[in-house]
Amino acid sequence: MKTFKETLAEKIEAWRPRTERLIKEYGDVEVDKVTIGKILGGMRGLKCLATDISYLDPNEGIRYRGYTLQEVFKKLPKPPGSEMPYVEGVFYLLVTGEMPNEKELEHVLDEFSKRRILPRYVYEVIDSFPCCSHPMSIFSTAILTMGRESFFVKKYHAGVSKKDYWESTFEDALNLLAKLPEIGAYIYAKLYRDGKRIHSNPDLDFGANFAHMMGKEKPYDDVSRMHFIIHSDHESGNVSAHTGHLVGSSLSDVYLSISSMVNGLAGPLHGLANQEVLRWLQQLMDRMGGKIPNEEEMKQFVWDTLNSGQVIPGYGHAVLRKTDPRYALQREFSLKHLKEDPLFKYVDMLYKVVPPILKEQGKAKNPWPNVDAQSGIIQWHYGITEYDFYTVLFGIGRAIGITANLIWDRALGYPLERPKSLTTEMLEEIAGIN
Ligand code: NMX
Ligand code: MLT
C-alpha cells in the first residue's frame, strides 16, 4: 500500500504539467473583467483565484473535490456505530481528491494520532492570556507560537529545492491539524471550566477525541465530526481561505498562515456570525421573558434589527443565492435530534420569517440562511453555551481545507500574491470624470 504522502506525490507529478501548460501557452487568455465596481466593491465575484480543493456554485453550494456535501457524508468511511464520517477522511479527500479506502484511512488515522501531543509551552501561552481575551485571539496565538516547530522553515534554511516545498508543508499541515482539537479543548477548559483539562485519548478519532476532551457524551462525537467536515472548505475567495493563501504566498509557514486565517475568520461578517446568531437570539429571549415568540413578534424583532442599521446574522452570502447546503444538513440533523429544543424552534421560525423580510427590504442579494444560522444552536443544545467559543470550532474545521490548499499552492509553485492598486484620482481619470 502507498502511504498518504506517496499517493499525493504521484498526484502532484501528474497535475503539474496542466498548470505549467496553462501558464506557458494560455497565460494571455482573459477570464474576467475588472471594473471600478469590482475594485471598490470588495472584488465580489471577480474570478481571479485558482483552487482544485473545492468549488462553490451559487445555487448548488459547495463541492469538495467534485462531491456535494451529501455525497461526502455518504461516501466517506464512518467509525463503527456513527452517523458521521471520520474527519481524517475528509482531509485525505481534500488533499488527494480521492475517498480513502479502509487501509488508507487507517494510515491517516495513525498519522493524526501520533502527532497529537501538544508542546508544554502552548499550554503556558494559553494560561498566560489576560482575562476577557476572546477565544479566537487565544486560538490564533497558540497556533502562532508553534511556528518554531516548522519543518518547512528548517528545510528552507537548509536550501531545499522549490519543487520539494510541498513535502515539508505537508508535514507541518499534519503536525498542526492533529493538535488543533487539543488546543481548542484546552482553551475551553481554561476559559469556562477552571482549567480542568481532560487528557486526550490516542485511540479515538479526531471528532471523538475532541468530544472526549470537551467532556461530552455521544452523540457529541458525531456533532463534532459533522461540524468540522462542513466547515472545512468553501473555495478560495472567502476571507479566511484567501488570507491563509495570501500569507502563505510569501512562503510564510503553515503556522503563520493558519494563525492569520483564524484572525480573518474572527470577524462578525465571516465566522464570528455563528456567535452573533446566539447573541442576537439571547436579546430576543430577554425581550420575550423566556416565552416562545409568535410569528408576528419574530417579524417585529427582525425588522427592529434591520431598522436599527444592523445585519441579520446567519443570513445572506457573498456567493450563495440559495439556502446554504451546510445549513440544510444541520437542519436535517436538528430535526432528527433536537426538534423540541426551544432554540431550534426560534431558528425554525426565523427560516420562515427572515427571507421574505430581507426580500421586502430589497438590499441583501441572498435572503437565505448560511451555515452560521444553525451551527451554534446545535452546540447550545449539547451544553456548549459559551457562544464566544463557537468560532474556534469553525476555525478547527477551516484549517483542514486551508492546509490542503497550502500544500497544493507549494506543489504547483503558486507565486507571491501581489495585485496592483490605484488611487481614487486614477480611477476618476479611467472613468472619464474631469
Ligand atoms: N441582513 C441585513 N442586511 C444584509 C444582510 C443581512 N443578513 N446581508 C446583506 N445585507 C445588506 C448588506 O449589508 C448590503 O447593505 P449596504 O448596501 O447598505 O452595504 C446589501 O445588503 C448588499 O449586500 P450583499 O451584496 O447581499 O452581501 P455581501 O456580499 O456584501 O455580504 C455577507 C455578504 C455575508 C457579509 C452579508 O450577507 C452579511 O452581512 N450577512 C450577515 C452576517 C453573516 O451571516 N455572515 C456569515 C457569512 C458566512 N460565513 O460564515 O462567513
Ligand atoms: C465560508 O464558509 O467561508 C463562508 O460561507 C463565507 C464565504 O464563502 O464567503
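**Fold, sheet and ligand shells of the predicted chain**

Of the 434 residues in the chain, 42% are buried. The model is predicted. Its radius of gyration is 22 Å. This value agrees with a compact globule, because a chain of 434 residues would then have a radius near 22 Å. Along the principal axes, the C-alpha atoms fill a box of roughly 70 × 65 × 45 Å.

The secondary structure consists of 20 helices and 3 strands. An open sheet of 3 strands is present, with the order β1-β2-β3. Pairing in this sheet is antiparallel. Strands β1 (54–57) and β3 (67–68) form the edges, and each pairs on one side only. Strand β2 covers residues 61–64 and is joined to β3 by 2 bridges. These two strands run antiparallel. Y64 has Y67 of β3 as its bridge partner.

Helix α13 spans residues 254–265 and contains S259. S259 has 26 C-beta neighbours inside 10 Å. The threshold for burial is 20 or more, so S259 counts as buried. Beyond its neighbours within four places in sequence, S259 is in contact with S140, I143 and L144. S259 and K291 show a contrasting relation between sequence and space. They are 32 residues apart in sequence, and their C-alpha atoms are 41 Å apart.

Two ligand surroundings were examined. Around ligand 1 there are 21 residues. The nearest of these are A273, G316, A318, A364 and K365. By class, the shell of ligand 1 holds 10 nonpolar, 7 polar and 4 charged residues.

Terms used
Residues numbered from 1 in each chain as written. Chains lettered and ligands numbered in written order. Predicted model: local features only at pLDDT ≥ 70, side-chain atom pairs only at ≥ 80, totals over all residues. Helix = DSSP H or I, 4+ residues; strand = E, 2+ residues; numbered from the N terminus. Rg over C-alpha atoms; globule rule 2.2 N^0.38 Å. Buried ≥ 20, exposed ≤ 12 C-beta atoms within 10 Å, placed from the backbone. Pairing = 2+ DSSP bridges. Near = placed C-beta within 6 Å. Nonpolar A, V, L, I, M, F, W, Y, C, P; charged D, E, K, R; others polar. Contact = placed C-beta atoms within 7 Å.
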